[in-house]
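Trainee: Please examine one part of this model closely and then connect it with whatever else can be described.

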Amino acid sequence: MHTLVISDIHANATALEAVLADAGEFERVWCLGDVVGYGPDANVCVDMLKSLPDLTCIMGNHDAALLGFIELGTFKYEAQVALQVQARQLNQNARDYLELLEITKVVDGVTLAHGSPRDPIWEYILNASTARENFAAFTTQICLIGHTHIPSIFVQEPRKQITVLLPRPGDMWRSTKRFILNPGSVGQPRDRDPRASYVIWDDEESIWHFHRVEYDIFSVQKRILELGIPSRHAIRLSQGI
Ligand code: ZN
């Protein structure tokens with residue numbers, strides 16, 4: 001089976017469309033949270049997600065904040081403004097969908113969490129020491145995360161050593177060790193590559209295939225500014241930061 005693994009769409013429907021068009025055939029979709037926040041297309045992104053086959057989606061910190069589950073004050077000012085704009089726009093269907101998302105889930109022996117298995121809403125796994133501590137927080141071989149917007153893999157080696165890998169577009173990877181894998185961000189990449197990031201997992205071959213795809217960034221920037229979302233969130237899309 002081919003599983004499309006995506007994260008951090010951040011209300012960027014143009015990037016999500018490009019991913020879906022580029023991904024080829026897939027039978028299942030795992031979305032690792034932050035469907036909303038930052039971008040212009042919150043309702044459209046929820047509708048697009050809901051139409052995908054065999055979808056499992058979990059809640060991210062921006063989703064939780066938009067619903068009022070966590071304090072807006074915990075976000076940077078520009079992120080707060082984007083969430084306030086989206087809160088005014090969000091329709092009931094999208095709200096109903098987001099409200100039912102769980103913060104972690106185990107599907108077919110794979111753990112899904114937005115930030116980390118230990119602290120699914122908030123923690124960023126950016127380095128070996130944070131990853132090392134998190135291997136005790138899940139029991140499956142594989143844990144998938146998002147939140148940092150950086151494609152990455154943290155592999156548990158003997159004697160609790162951690163290998164950190166930063167996969168490049170086109171890389172294919174497999175392992176029988178325990179690992180934590182981040183597919184990068186669809187709607188707001190932060191590794192200085194502005195293209196939308198996603199992963200296809202082929203579970204028959206046990207291969208994780210990292211992909212990037214270009215999309216019409218300018219059209220998204222235009223919608224961001226038209227809605228009164230801070231220009232920082234438009235500018236960063238073309239810089240991939
Ligand atoms: Zn995010």
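Mentor: The largest pocket has a volume of about 280 Å³ (on a 1 Å grid over the protein atoms alone, an open set of points where a 1.4 Å probe fits, with protein on both sides within 12 Å along at least five of seven lines; the volume is the space filled by probe spheres on the points, joined across faces, edges and corners). The model is predicted: local features need pLDDT of at least 70 and side-chain atom pairs pLDDT 80 or more, while totals for chains, interfaces and linings use all residues. Residues are numbered from 1 along each chain, and side-chain values use heavy atoms, without hydrogens and water.

The pocket's lining (residues with an atom within 4 Å of a point) comprises 18 residues, with Tyr38, His62, Lys76, Tyr124 and Arg190 nearest the centre. Five of the lining residues are nonpolar, seven polar and six charged. Helix 8 gives the most, three residues.

Turning to the metal, the zinc ion has as protein donors (N, O or S within 2.8 Å) Asp8, His10, Asp34 and His149, at 2.1 to 2.4 Å. Along the chain these donors follow the spacing D-x1-H-x23-D-x114-H. Asp8 lies in the loop between strand 1 (2–6) and helix 1 (13–22), and His149 in that between strand 6 (142–144) and strand 7 (152–156), so the pair ties together parts 141 residues apart in sequence.

Definitions and conventions: Donors = N, O, S within 2.8 Å, 3.2 Å for Na, K, Ca; no water. Helix = DSSP H or I, 4+ residues; strand = E, 2+ residues; numbered from the N terminus. Nonpolar A, V, L, I, M, F, W, Y, C, P; charged D, E, K, R; others polar.
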